[in-house]
Amino acid sequence: MPIQIFDTLTGRKRDLEPLEPGRIGFYFCGPTVYDLAHLGHARCNVAWDVVVRHLRARGFQVKYVRNFTDVDDKIIKRANERGEDPVALAARFADAYVEDMAALGNLRPDAEPRVTDHMPQIVALIEKLVARGFAYPVPGGDVYYAVRKFPDYGRLSKRNLDDLLSGARVETGDVKRDPLDFALWKGAKPGEPAWDSPWGKGRPGWHIECSAMTLAHLGAPFDIHAGGKDLIFPHHTNEIAQSVAALSDDLKVESYARAWMHNGFVEIDNEKMSKSLGNFFTVRDLLAKYDGEGIRLFLLGTHYRNPISFSDPLLVEAERRLVYLYETLEKVDRLATGAAPAEGGEDLVEKCRLALDDDFNTAAVLGILAEGFSAANALADRKGKKSPQEKAGLARFARGVRQVADELGLLQRLPSDALATLRDRAAARRGIDQARVAQLIDERTAARRAKDFARSDAIRDELLAMGVALMDGPQGTTWKVE
């Protein structure tokens, strides 16, 4: 069965048909780096990370490109507020973004182009649009794209020109020929970074940047262009118009990107999380409280195209679920020690991969895995010695789970290491004094040796009241946060 994706351009699911068999060019519109990444950025990056991982697992060679917009009005404004050089500020936040996405388990893209490294390509692309009659310079050094020259404008966003015109804002002294036209190049203003061009010193408009970087790193056409739903209009709509006008004599939209994928928003109180609304949580702030893999598990619990509602209790629950997964794997690994995985039994892996083949349905995969973990727990917890066949079955389960988890970017740590980290995170959030816990466990151990079971039970109850659950095993007593 072919992999199916939901293509925003056609508005339906369709088979993924690579331009070149076995190869995929994938471009993800990265952030405008004027601040730290927030959870909305994380949702976007995690979604496309899984797409790339799964395509590679299915045998495709994927060239994965994610850009940074490091020249923009917002960057300049923030830099001026802080008395900092705009290019230096953007570089600092781009580096922070890379660190934060890595902490969530995301792969590093094959290329991470930045606008400031692509000025010659941007200027050359604008020159081509001017020469072809799709763009025009105006006094002052600005260059605009003539929207009405492009017959399929708005096809991606399903908007027509009349509706767009009714909502267009006309500024006093506006030099554009049409209110819908948008800037490709902006003439230099005092105190702003600027580069040379045939129209004088200036800097690029937002939309032309991605066109130049996709063409530089993937060429055209390429297979998949991805980003958040907020980019469908105007960014991706404008990107299509300018790219196709520069590339194609017949102005076919598909001559640029063959398919477009967009992820849903993270919402708080039914509103999109965004910096402009001020209702956002930075990834760095969340990582100070929660485990990065727990955040990733939370994000994967909803299909990438759907909105996802954020709350602290949901992240706490995701961490608890992650603890359960790692506890199960630790138990299974211990019971299956020395056993070779049973032959066959690839049903779990293939079932999960088929769910990912259906527009990368991570929520369905997590449901399939939940059933497998329940069955493995039932077998592991059943009293009595495990037969060689049962041990082989558990080994096969652990192997299959880790294969699927690789495609989700989950369960990448040793269970013991992950459980220790998750416990420490949960204890810190609850304000649990771990030194006091260790002391009480030692006292309880001594009470049990002295057969003072009343004292032993009292200590267990005291710890439980603190939010600490004890587990007694052959290797001694361990604990976790309830």
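Mentor: Quick definition before we start: buried means under 20% relative accessible area, exposed over 50%, and partly exposed in between, using a 1.4 Å probe and protein chains only. Keep in mind that this is a predicted model, where local features need pLDDT of at least 70, side-chain atom pairs count only at pLDDT 80 or more, and totals for chains, interfaces and linings use all residues. Residues are numbered from 1 along each chain as its sequence is written, and side-chain values use heavy atoms, leaving out hydrogens and water.

Trainee: Okay, why does L410 count as buried?

Mentor: L410 has 4% relative accessibility, so L410 counts as buried.

Trainee: Where is L410 found, and what is L410 in contact with?

Mentor: L410 sits in the loop between helix 13 (388-408) and helix 14 (415-430); helices are DSSP runs of H or I, at least four residues, and strands are runs of E, at least two, numbered from the N terminus. Contact means heavy atoms within 4.5 Å. Skipping neighbours within four places in sequence, L410 touches E293, R296, L297, L300, L366 and A405.

Trainee: On to helix 16: which of its residues are buried?

Mentor: Those are S456, I459 and L463.

Trainee: What puts them on the same side of helix 16?

Mentor: The arc is taken from the directions from the helix axis to the C-beta atoms. Theirs is only 65° around the axis, so they share one side of helix 16. On the other side, A454 and A465 are exposed.

Trainee: And what covers the buried ones?

Mentor: The cover includes helix 15 (434-449) and strand 14 (468-473).
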